[in-house]
Amino acid sequence: MIDCKKASQYITACVDGQLEQHLHELLDAHVAGCPDCEATLFAERRLKEMVQLHHKLTPAPDKLQQAIMRAIENVALPPLCTGAIPVVPPRGPAAP
Amino acid sequence: MLTDEKQRQKFFRETALPHLNAVYDSAIRLAGNEADAEDLTQTTFLKAYRFIDKFREGTDCKAWLLTILKNTFINQYRKRIRGPVTIELDEEKFPGVKDQPKLVTTIESESGETDLMGMLDEEVEAALGSIGEESRKIVLLSDVDGFSYKEIAEIMGCPVGTVRSRLSRARRALRALLHKYAMQHGILRK
């Protein structure tokens, strides 16, 4: 049997599906008899769902999609593992 | 098997390209700036096109693309662009971060169903923006991109245990911040 302190260490990994099976079983057993840890587990699950739901993707620039499509339509791809393929026109140094 | 080039292009356009924004969004997280993110995204999609025959239809194409993105980043970019790792979560900056707010359990929608989804995008983004860049990044790598702890450790160049503890602290901080918001807006009753 684990205590609340130990359970709190396992909750994040449990929510992420990253907790080893035997630890999962220990956590389940603890949570079944501990309303506080059950509430924390539930809250953390909902938080993850909320981040997934509310995070706004930064849209890719239009020119990027066009550059990719141009590149695949030309088919003559350069060899892999050579770093970025310079289809997007080169830009100045990145902003700090 | 896609034998014809036009067929390959059509399949790629219909299957992979719809995930461009998701890949670019993740690339910005990994690369840290738009120019590198564009290069990284483009390299990812061109590799995906080259290996499109390896993609099994019916499986998760976004996850496949994000794996290519991650590998490309680790192999070609990380050493060049990775900056110092900072952790900004502490009790002084984030009061209540060490507490365990029971945020969601006391939130109820009108139907009586426990629901936290009434939060606004802006509030969640603001909360994510308040916990420090490294913490925000690790939460999004896990929650939005769906990377495993092992993959996040590879991306961030740190041990898996560090990913686990940082993620745990980041979520605690987020819960504290959103708890405050929920109290202010009457979403939380106590």
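A few ground rules come before the details. Residues are numbered from 1 along each chain as its sequence is written, and chains are lettered from A and ligands numbered from 1 in the order in which they are written. Because this is a predicted model, local features need pLDDT of at least 70 and side-chain atom pairs count only at pLDDT 80 or more, while totals for chains, interfaces and linings use all residues.

**Chain A**

Chain A has four helices and zero strands, where helices (H or I, at least four residues) and strands (E, at least two) are DSSP runs numbered from the N terminus. Along the sequence that reads α-α-α-α. Of the 96 residues in chain A, 24% are buried. Here, buried means 20 or more other C-beta atoms within 10 Å of the residue's own, exposed means 12 or fewer, and partly exposed is in between, with C-beta atoms placed from the backbone.

**Where the chains meet**

On the A side, 42 residues are in contact with 48 residues of chain B; contact means that the C-beta atoms, placed from the backbone, lie within 7 Å. Helices H1 (4-15), H3 (35-54) and H4 (62-74) of chain A each supply at least two residues of that side. H3(A) gives the most, with 13 residues. By class, the A side splits into 25 nonpolar, 10 polar and seven charged residues. For that count, Ala, Val, Leu, Ile, Met, Phe, Trp, Tyr, Cys and Pro are nonpolar, Asp, Glu, Lys and Arg are charged, and the others, Gly among them, are polar.

**Two helix pairs**

Axes are lines fitted to C-alpha atoms, for helices over the stretch in contact, and angles run from 0 to 180 degrees between N-to-C directions. A crossing is left-handed if the near helix is turned anticlockwise from the far one by less than a right angle, and right-handed if clockwise.

| Helix pair | Axes come within | Crossing angle |
|---|---|---|
| H4(A) and H3(B) | 10 Å | roughly 35° |
| H1(A) and H2(A) | 10 Å | roughly 115° |

The H4(A) and H3(B) crossing is right-handed. Among the residues that meet there are A:Leu64 and A:Ile68 from H4(A), and B:Thr41 and B:Phe45 from H3(B). This contact has eight nonpolar, two polar and one charged residues. H3(B) itself is mostly covered, with 12 of its 17 residues buried.

H1(A), on the other hand, passes H2(A) in a left-handed crossing. A:Ala7, A:Tyr10 and A:Cys14 in H1(A) meet A:Leu23, A:His24, A:Leu27, A:His30 and A:Val31 in H2(A). That contact divides into six nonpolar, two polar and no charged residues.

Leaving aside neighbours within four places in sequence, B:Tyr24 is in contact with A:Thr58, A:Ala60, A:Leu64, B:Ala37 and B:Thr41.

**B:Ala22**

B:Ala22 is found in helix H2 (residues 20-31) of chain B. B:Ala22 counts as partly exposed because it has 18 C-beta neighbours inside 10 Å. Not counting residues up to four places away in sequence, B:Ala22 touches A:Leu57 and B:Lys62.

Note on methods
Contact = placed C-beta atoms within 7 Å.
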